[in-house]
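Have the viewer open as you read.

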Amino acid sequence: MSEMDFVDWSRAQFALTAIYHFLFVPLTLGLSFIIAIMETIYVKTGDKAWLEITKFWLKLFGINFAIGVATGIIMEFEFGTNWANYSWFVGDIFGAPLAIEGLLAFFMESTFFAIMFFGWDKVSKKFHLFSTWLVAIGSNLSALWILIANGWMQYPIGMKFNPDTARMEMQNFFEVALNPLGITKFLHTVTSGYTISALFVIGISAWFLIQKRHILLAKKSIVVASAFGLITSAFLLLSGDESAYLAAQKQPMKLAAMEGLYKGEKNAGLVAAGILNPAKKLGDESDAFLFEIKVPYALGIMANRELDSFTPGINDLLYGNSEHNLISVEEKMAKGKVAIEALKNYKEAKKANDESLMKSSLSNLESNLNFLGYGYLKDAKDAVPPVALTFYSFHIMVALGTYFIALFAITLYLNLSRKYKFENIRAFLWICLFTIPLGYIAAEAGWIVAEVGRQPWAIQDLMTVGVGATNLSDSNVKISFILFAVLFTVLLIAEIKIMLKQIKIGFNDHA
């Protein structure tokens, strides 16, 4: 088996873990806040119905939380097992946010989770409510530090390369922690979790209404979830726009793939819907689309925040565009090879105690360091991510996100309106129920855009995925991939079965 086959297996294993993990995480992020809001209403009003509602959704939250932790721990371990070279290169930087996540955020949520779940008759109402809010905040703080680490991979700042150890070292913690791409990624990711959670509560409540059970409690749940979902999904739209803008500024190849833009344009239009031409090749003159509907000027405004601006396409970034000061990937590869050779010469000069050569090598290294990762590319075309997968994932995500905003608005209106009995609009109730999985599809599509769209980089421009992988035997990765696939599938099936059992019981056993 070739090296790239091994790397692909490692990538597949990490993708498998991340995809399964993100089936559990979003519900934890949003449902924790929805439960906190419901319990707040109970404490403020003293209405026992809200206590019953809170305890029901808390039971489902607890099931999801417990299983989600298992996949998260495995994913963090994989950085050391499958991506040891990556961990060595940036461990000083990447490890800091993960350490804070474990010591602060995870400690907070796990500590107060016990009180939230088991402390109903052991602590006061206000302290229990306080614990519930801390669990919600802790869960989201965990996501913050993890996504700061991920954002740094996509826009590495606040560090300095140490040629003596061949490692990146943190220079400014606050630059890393306040990385704009990491902060925006956090906001966009958690609000997608809030949207999923709102859809989950609405869908399950709609099922009770279809069954003519717990009508009052289900409708109360829907009011909270639809209002929460409407607010957060609107913010999701804004954070998505900011994410696209940052991609244009820091990862222009990703944005070009997201839009299927091969040839750069001034005042570029945004593709609202389209079908890519499967025969399209890099550098040729054939049309990129078989069919497309564009919103004029929208991509240029989104990417540059101004009119009359140029948005580079894949070919501009790959082959260069002198008019817009874009150098080709081949030129970057040459600079990257200079950096690699300079590092090698520096180490040899240090052994020989040749200060003159050390100084000149270090100068060459520093002037070409930003292109270090390109030196490991074997073909310039490897710098282009899978365009079709990135494009369709992005547009599925956007289309579903727009649909969710409309669904929340209609649900809230129908549920509060005196003109309609929401429980009698059965067709709409079925739509709410079957929308639950669409929330997960949108979230997973978003992660595909974020991660597939930045390939081949483990760290943008500095380290390719192939270089970051551990040199393990392919049989080990294959076996662990199969074991993880079986384990995660079993966990997912177990969660669904346990949740369905609790849902069928309904609210009454949670009074």
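What do the buried residues of α11 pack against? They sit against β1 (159-162), α10 (314-319) and α12 (355-368). Keep in mind that this is a predicted model.

## Helix α11

Let's stay with α11, which covers residues 329-351.

The buried set in α11 includes Val329, Lys332, Met333 and Gly336. Further along, Ala339, Ala342, Leu343, Tyr346 and Ala349 are buried too. After the helix comes Asn353, with a positive phi near 60°.

Met159 stands opposite Met170 in β2. Four residues lie between the strands of this hairpin, where Ala166 takes a positive phi near 55°.

Now for the packing. In soluble globular proteins, nonpolar side chains tend to be buried together. Here the largest nonpolar core has 102 residues, and Trp57, Phe61, Tyr86 and Phe200 have the most contacts inside it. Helix α6 (residues 180-210) gives the most to this core, with 14 residues.

Take Tyr86 as an example. Leaving aside neighbours within four places in sequence, Tyr86 touches Phe79, Gly91, Phe94 and Met153, among others. Its contacts also include Ala458, Ile459, Met463 and Gly468. Another core, of 20 residues, lies apart from the largest one, and among its members are Leu318, Ala383, Phe391 and Trp457.

## Rings and charges

If you like aromatics, there are 33 aromatic pairs to look through. Trp9 and Phe481 make an edge-to-face pair, because their ring centres are 5.2 Å apart and their planes meet at 80°. That pair links distant parts of the chain: Trp9 is in helix α1 (residues 3-45) and Phe481 in helix α16 (residues 474-505), 472 residues apart. Trp9 counts as partly exposed, at 26% relative accessibility.

Phe113 and Phe117 are stacked, with ring centres 5.5 Å apart and planes at 10°. Both lie in helix α3 (residues 84-118), four residues apart, or about one turn of the helix. Phe113 counts as buried at 14% relative accessibility, while Phe117 counts as partly exposed at 21%; the cut-off for buried is under 20%. Elsewhere, ring pairs link Phe56, Trp57, Phe200, Trp207, Phe208 and Phe507 into a cluster.

Two lysines are placed over rings. The charged end of Lys55 sits over the ring of Trp120, 5.1 Å from its centre, and Lys280 lies over the face of Tyr262, at 4.9 Å from the ring centre.

Which residues does a cis peptide bond join? They are Gln455 and Pro456, with omega at about 15°. Pro456 lies in the loop between α14 (426-452) and β7 (457-459).

The loop between α6 and α7 (215-250) holds Lys212, and His214 is in the loop between α6 and α7 as well. Neither is a glycine, yet Lys212 has a positive phi of about 60° and His214 has one of about 50°. Are they buried or exposed? Lys212 counts as partly exposed at 46% relative accessibility, whereas His214 is buried, with a relative accessible area of 15%.

Technical notes: Residues are numbered from 1 along each chain as its sequence is written. This is a predicted model: local features need pLDDT of at least 70, side-chain atom pairs count only at pLDDT 80 or more; totals for chains, interfaces and linings use all residues. Side-chain values use heavy atoms; hydrogens and water are left out. Helices (H or I, at least four residues) and strands (E, at least two) are DSSP runs, numbered from the N terminus. The expected span of a helix is 1.5 Å times one less than its number of residues. Buried means under 20% relative accessible area, exposed over 50%, partly exposed in between (1.4 Å probe, protein chains only). Contact means heavy atoms within 4.5 Å. A nonpolar core is a set of buried Ala, Val, Leu, Ile, Met, Phe, Trp, Tyr and Cys residues joined through side-chain atoms within 4.5 Å. Rings of Phe, Tyr and Trp (its six-membered ring) pair if their centres lie within 6.5 Å; planes under 30 degrees apart count as stacked, over 60 as edge-to-face and the rest as tilted. A charge sits over a ring if NZ of Lys or CZ of Arg is within 6 Å of the ring centre and within 35 degrees of the ring normal. Two strands pair if DSSP finds at least two bridges between them.
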